[in-house]
Amino acid sequence: MDSKKVLDLFREITKVPRESGHEEQIIAFLQQFARDHSLECRTDEAGNVVIIKPASPGCENVPVIVLQSHSDMVCEKNSGVEHDFSKDPVKYVIEDGWMIARDTTLGADCGIGMAAELAVLLDEEPSGRIECLFTVSEETGLDGAKALKPGFITGKLLINLDSEDEGELFVGCAGGVDTTAVFHYGQEPVRPGSGLAKIRIYNGIGGHSGDDIDKGRANAVQLLFRFLYSHPELQICSLEGGNKRNAIAREAEALVAVPGNDIASLAEAVARYQADLSVEYAAGDPDLKAELVPAGAPEDGCCAMDGKSAESIVAAMFAAPHGVLAMSRDIAGLVETSTNLASVRMQGPASLRIGTSQRSSVTSERRAAALKVEAVFRLAGAEVTHESEYPGWKPNMDSRLLQVCRDSYNRLFGTEPVVRAIHAGLECGLFLDTFPDLDMISFGPTIRGVHAPGERLDLVSLDKFVALLSDVIGTYASGRE
């Protein structure tokens, strides 16, 4: 198996729509792939697909290996970009050794894992039975992993291909839970003589709310409410910011009514705020922008959020925790607990919905973080719910599969791989609920900018990833394990 074949298959995958919750076309793609190559294929009620490569002659007694990726992708794009993820192929360029989607997500998370699985299915090198598992809706709640039933896979060794740092072997991950707050508010007329203006926080890097939460990146939603908190004289007509629960908010905006139509003074305040942000985020998010755009005079009957509600909501959003809450006391440099203030949306004329997510490798700390977020919003009068909780994956440093992967990496590249846990949700914890005897590991090529436009895949790391996967499979086939 070579990396060119993997990349060619990934190019085909980028043409197939596969937003979380809308995986029908990628499921059909996988089923057709199995038919085209006369491979056994099963699909469960949730949409999970397993394609099976039978053992090569003489390898019937080799341990069965399960290769696993999720088939959905996070669909994010920059403001003003015309791209319909339900039908448009992902556009990318190859530049300086990277495959890059400039204005959207690339979907290398976890499309490159899918491509590697398909390449293994086509590979003619001897191997034991390989079960290639493709799960659905990982990005929005690990729904496919939750729906797996005993017997859908039979292997006791599982290699998850959903990691993004070549040279690192992952043996544990954080669990997570989503927390939603809904505010109900009244409305009041915009004050006579006011002018309208749009305040925008935009051009943030964003990124993965687990793996990137400690990188000093701006949360545009919270920064918008920080400004609004400092300007209680403004009436709020509309609010919007952030998008996916598992992505750091890159953009947020508010349409406000400015008393006395004093747009010039407000523009000066926004300019000062931009100067402050440029200093604060010079290292972590250097291109972050704050901008005021005049929006003319309000129409007759124009309304805003009532003042009492606005005061409570703005204070709660500014006070709500975001970012790293605790570092691991056992593994140096590992974020243990975090929370992401992900999104804010008006729902109709009288309610506001806030999306957040909490992560921790310690169940009690994860739940405590969710309760802390709940407490802030409940104090301000919101209705709060928790959903989509999933477990973490506790490291097993005595794993035989881990030792095989370490030996392969050392033999191939002459250096020891880093073995660590990750502060992101992998499906491995859920797999153990249904398949408690699994021995698991996760590795992949280097991918940067995951869950944000500009996502890119390091092609040199792809070569090493493919070589390692091939060698591990070959090690078991040869009996060297």
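**Strands, cores and a pocket**

Reply: Start with strand β12. In this predicted model, β12 runs antiparallel to strand β17 (residues 335-347), and three bridges join the two.

Me: Which residue is the bridge partner of E240 in β17?
Reply: β12 covers residues 235-242. β12 and β17 are antiparallel. In β17, E240 is bridged to R345.

Me: Which residue is the bridge partner of E240 in β13?
Reply: β12 also pairs with strand β13 (residues 252-258), in the antiparallel sense, over six bridges. In β13, the partner of E240 is E253.

Me: How many residues of β12 are buried?
Reply: Buried means under 20% relative accessible area. Strand β12 is mostly covered. Of its eight residues, the number buried is six.

Me: Which strands stand at the edges of the open sheet of four strands?
Reply: The order in this sheet is β4-β5-β23-β22, with antiparallel pairing. An edge strand has a single partner, so one side of it is left without a neighbour in the sheet. The edge strands are β4 (93-95) and β22 (447-448).

Me: Which residue in β23 is the bridge partner of I447?
Reply: β22 pairs with β23 (residues 456-458) over two bridges, in the antiparallel sense. In β23, the partner of I447 is L457.

Me: At what angle does α11 run to β23?
Reply: Helix α11 spans residues 459-478. α11 lies across β4, β5 and β23. Its angle to β23 is about 60°.

Me: Which residues touch the most other members of the largest nonpolar core?
Reply: This core has 60 residues. The largest share, 10 residues, comes from helix α11. The residues that touch the most other members are L67, I159 and L457.

Me: Is T104 buried or exposed?
Reply: T104 lies in the loop between β5 (98-100) and α3 (108-122). Its contacts include H83, F85, A452 and P453. The cut-off for buried is under 20% relative accessible area. T104 has 5% relative accessibility, so T104 counts as buried.

Me: Which residues lie closest to the centre of the largest pocket?
Reply: About 510 Å³ of space lies in this pocket. β11 (195-202) and β22 each supply at least two residues of its lining. The lining has 28 residues, and the closest to the centre are I205, R217, G449, A452 and P453.

Key:
Residues are numbered from 1 along each chain as its sequence is written. This is a predicted model: local features need pLDDT of at least 70, side-chain atom pairs count only at pLDDT 80 or more; totals for chains, interfaces and linings use all residues. Side-chain values use heavy atoms; hydrogens and water are left out. Buried means under 20% relative accessible area, exposed over 50%, partly exposed in between (1.4 Å probe, protein chains only). Contact means heavy atoms within 4.5 Å. A nonpolar core is a set of buried Ala, Val, Leu, Ile, Met, Phe, Trp, Tyr and Cys residues joined through side-chain atoms within 4.5 Å. Two strands pair if DSSP finds at least two bridges between them. Axes are lines fitted to C-alpha atoms, for helices over the stretch in contact, and angles run from 0 to 180 degrees between N-to-C directions. On a 1 Å grid over the protein atoms alone, a cavity is a set of points where a 1.4 Å probe fits but cannot get out, and a pocket is an open set with protein on both sides within 12 Å along at least five of seven lines; lining residues have an atom within 4 Å of a point. Grid points are joined across faces, edges and corners, and a volume is the space filled by probe spheres set on the points. Lists of a residue's contacts leave out its neighbours within four places in sequence.
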